[in-house]
Amino acid sequence: MERTLYTADHTAYRETVREFLAREVVPHQHDWDRDRWIDRAVFARAAKAGIYALQIDEQYGGAGESDYRYRMVVCEEVSRINALSFGLTVSLQDDLVLHYLLDLTNDEQKQRWLPGFAAGEIIGALAMTEPGAGSDLRGIRTTARREGDTWILNGQKTFISSGIMSDLVVVAARTDPEAGSRGFSLFVVERDTPGFERGRKLDKIGLPAQDTAELYFRDAEVPATNLLGEAGMGLPYLMSHLPRERLGVSAKAIATTRAIFSSTVDYCRQRQAFGKPLTDKQHIRFELAEMSTEIDIAESYVDRSVLAYNAGTLSAIDAAKGKWYVSELQKRVIDRCLQLHGGYGYMTEYPVARAYLDTRIQTIYGGTTEIMKEIIGRDIAAC
């Protein structure tokens with residue numbers, strides 16, 4: 001079935017992305033994984049090449065381009081070279097942090113942060129998760145109290161992607177314990193904020209080059225001018241931005257699934273067993289047929305979600321459906337692809353082995369599969 005999502009402009013952009021990745025990422029990605037660190041200079045070069053932050057207005061150094069199909073192209077090309085730590089960091093900027101800065105900042109804050117973000121000189125992070133609060137945002141215990149022109153933050157965050165590298169962190173904190181869902185606010189905490197400390201860089205089973213950290217706030221002094229939006233609106237702000245984040249997970253999931261499946265098909269065509277290619281075996285062909293069909297169907301849903309997002313009509317429910325289903329499909333397909341590689345699938349020199357580890361997080365972050373089903377189920381029950 002011919003895919004109709006893209007235009008000639010997206011095809012031309014794909015060549016730009018592919019050339020950039022070949023020059024700036026491919027020669028370094030294995031070193032980054034070994035060192036558990038991405039050279040942050042690559043993000044300045046990526047921003048200059050238009051790999052992310054396209055949506056920032058031209059007056060702040062961006063392109064003013066909001067078409068999500070360009071993000072999809074980046075996801076697909078990053079997945080094609082299996083540079084998933086780099087891809088997640090770009091997604092964190094484009095699908096999470098940037099949209100808080102675009103949607104909630106005032107003019108002074110935009111002038112302060114967006115030019116550096118557009119240039120790739122400012123790396124952002126989003127700090128919601130705590131040791132005792134993950135998908136349940138109402139369980140956030142980090143507090144912020146107003147003292148004159150300063151907010152004093154106290155608390156701990158964990159599992160924060162780019163927590164070590166980031167120059168600014170969007171932090172969710174409880175500002176009024178008596179106000180229920182209206183008792184949370186968002187703050188931008190900058191690198192050298194007094195009382196803000198970074199903990200250890202966490203060891204993960206996958207995505208080794210993408211730094212994930214614990215963050216601590218011990219009477220951290222945040223200027224009142226770093227409040228994002230209105231005080232007390234933090235929870236609604238977080239909820240309203242989740243569809244973009246979850247679309248980003250779906251985009252990465254379908255792109256990586258397609259890439260690993262394609263490389264597995266090539267392997268099965270070349271790998272000999274009992275004197276014939278694996279694809280000569282009916283069972284192997286059936287396995288490939290099932291995966292190909294499932295990927296095509298899921299890709300159609302993601303494509304429709306992208307167009308809905310562009311039109312401003314992607315609902316939280318539809319984003320949740322895509323997030324859980326496509327990430328679970330990714331997990332299932334990559335596991336089957338590893339099996340078809342046999343012993344070679346367990347070797348990290350093969351993309352399928354690295355993807356098996358790197359993508360396991362997809363059903364967890366951005367809201368677990370179980371939470372996605374609960375969101376969808378509640379909506380069904382309420383109808």
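**Reading cavities, a pocket and domains**

Student: What amount of space lies in the second largest cavity?

Tutor: About 100 Å³ of space lies there. This is a predicted model, where local features need pLDDT of at least 70 and side-chain atom pairs count only at pLDDT 80 or more, while totals for chains, interfaces and linings use all residues. Residues are numbered from 1 along each chain as its sequence is written, and side-chain values use heavy atoms, with hydrogens and water left out.

Student: How should I read a cavity or a pocket?

Tutor: Rolling a probe the size of a water molecule over the atoms shows where empty space is left. On a 1 Å grid over the protein atoms alone, a cavity is a set of points where a 1.4 Å probe fits but cannot get out; a pocket is an open set with protein on both sides within 12 Å along at least five of seven lines; lining residues have an atom within 4 Å of a point. Points are joined across faces, edges and corners, and a volume is the space filled by probe spheres set on them. Here, the count is four cavities of 30 Å³ or more.

Student: Which residues lie closest to the centre of the second largest cavity?

Tutor: They are L54, E65, D67, R71 and D94, out of 15 lining residues. The lining divides into eight nonpolar, two polar and five charged residues (Ala, Val, Leu, Ile, Met, Phe, Trp, Tyr, Cys and Pro are nonpolar, Asp, Glu, Lys and Arg charged, the others, Gly among them, polar).

Student: What about the largest cavity?

Tutor: The largest cavity holds about 160 Å³, and of its 18 lining residues, L84, G87, L88, K252 and T256 are closest to the centre. The helix α4 gives the largest share of this lining, five residues (helices, H or I, of at least four residues and strands, E, of at least two are DSSP runs, numbered from the N terminus). At least three lining residues come from each of domain 1 (8–119) and domain 3 (236–382), with bounds from an automatic or database assignment.

Student: And which element gives the most to the lining of the largest pocket?

Tutor: That is α7, with seven residues. The largest pocket has a volume of about 1200 Å³, and 43 residues line it, with T129, I364, Y365, G366 and G367 nearest its centre. By class, its lining has 21 nonpolar, 11 polar and 11 charged residues.

Student: How much area do domain 1 and domain 2 bury between them?

Tutor: About 2200 Å², 63% of it on carbon and sulfur atoms. Buried area is the accessible area (1.4 Å probe) that two parts lose on being put together, summed over both. In domain 1, R36, W37 and W113 lose the most area to domain 2.
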